[in-house]
Amino acid sequence: MNVVALDSYEAACRKVADIFSDHLAEKPDTVLGLATGTTPLGLYSELVKDFQEGKISFAQATTFNLDEYCGLEPRHHQSYRYFMETNLFNKVDICLESTHVPDGMNTNTQDACDSYEQAIQKAGGIDIQLLGLGINGHIGFNEPAASFAVATHKIDLAQSTIQANSRLFNGIHEVPTQAYTMGIGTIMAARKIVVIVSGASKAKIVREAFFGPVVPQVPASILQLHPHVTVIVDSEAGALIP
Ligand code: GLP
């Protein structure tokens, strides 16, 4: 595991953008694993810039997002499908049919999860997966638990996650309580993983996840066992790194 601490959020975003741009330039038909949250916003701006400057193209790329809220229409302003279209897909040359986000409106859990896993397999697996880090150590929506959930599954969101994400909704009562998420096994099967973490509120969990024991109570700690992980933090998020 390679942990890189940079001075600022902007520098962290640029570094991650370079990793993704280089990857796309080398392998235009890359299968990208993508993430939402506030942290990747600066990264997506950089990737849009790289596209506008003609450095990269997404025309042959395929994407799979980590997760989606259950019960939110794709047009809902807080759905992850909407987030991806607004912040990346509609600003680059990606073919929308090649973009995948779990179907939060599918009430058949088995079908929603199995079809997502099958689509990833059919695409040849994920080449490079982007991750953010939840304040409680979650990756995707894999919340702290007694064991690691392997495949894509439906999860009851932790109260702390509902609380943290309520800042983006008109009140906590509007935050969905369940989500579909890639499993830990799905994430760990990616050939390369890049984690971006920013801000003082994440400093403690950065130390626990990447320098503490590997335990399902801190889901991101499993990444210590992956052979190709780069963690990019800004100085605030990296403040407690030993
Ligand atoms: C959300 C997402 C995660 C994301 C995390 C951190 O709940 N499901 O994929 O990494 O929260 O988000 P932020 O970057 O906004 O702190």
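Strand β1 (residues 2-6) runs parallel to β10 and is joined to it by 5 bridges. The model is predicted: local features need pLDDT of at least 70, side-chain atom pairs count only at pLDDT 80 or more, and totals for chains, interfaces and linings use all residues. Residues are numbered from 1 along each chain as its sequence is written, and side-chain values use heavy atoms, with hydrogens and water left out. Strands (E, at least two residues) and helices (H or I, at least four) are DSSP runs numbered from the N terminus; two strands pair if DSSP finds at least two bridges between them.

**Strand β10 and its neighbours**

- From β9 the chain passes through helix α7 (residues 203-211) to β10 in a right-handed β-α-β crossover (clockwise from the first strand over the helix to the second, with the strands pointing away from the viewer).

**Burial of β10**

- In β10 (residues 229-234), 6 of 6 residues are buried (under 20% relative accessible area, 1.4 Å probe, protein chains only).
- Val229, Val231 and Val233 point one way, and Thr230, Ile232 and Asp234 the other way.
- In a regular strand the side chains alternate between the two faces of the sheet.

**The open sheet**

- An open sheet of 3 strands, with antiparallel pairing, has the order β4-β8-β7.
- Its edge strands, β4 (67-69) and β7 (153-156), each pair on one side only.
- β4 pairs with β8 (residues 178-181) over 3 bridges, and Glu68 has Tyr180 of β8 as its bridge partner.

Technical notes:
Buried means under 20% relative accessible area, exposed over 50%, partly exposed in between (1.4 Å probe, protein chains only).
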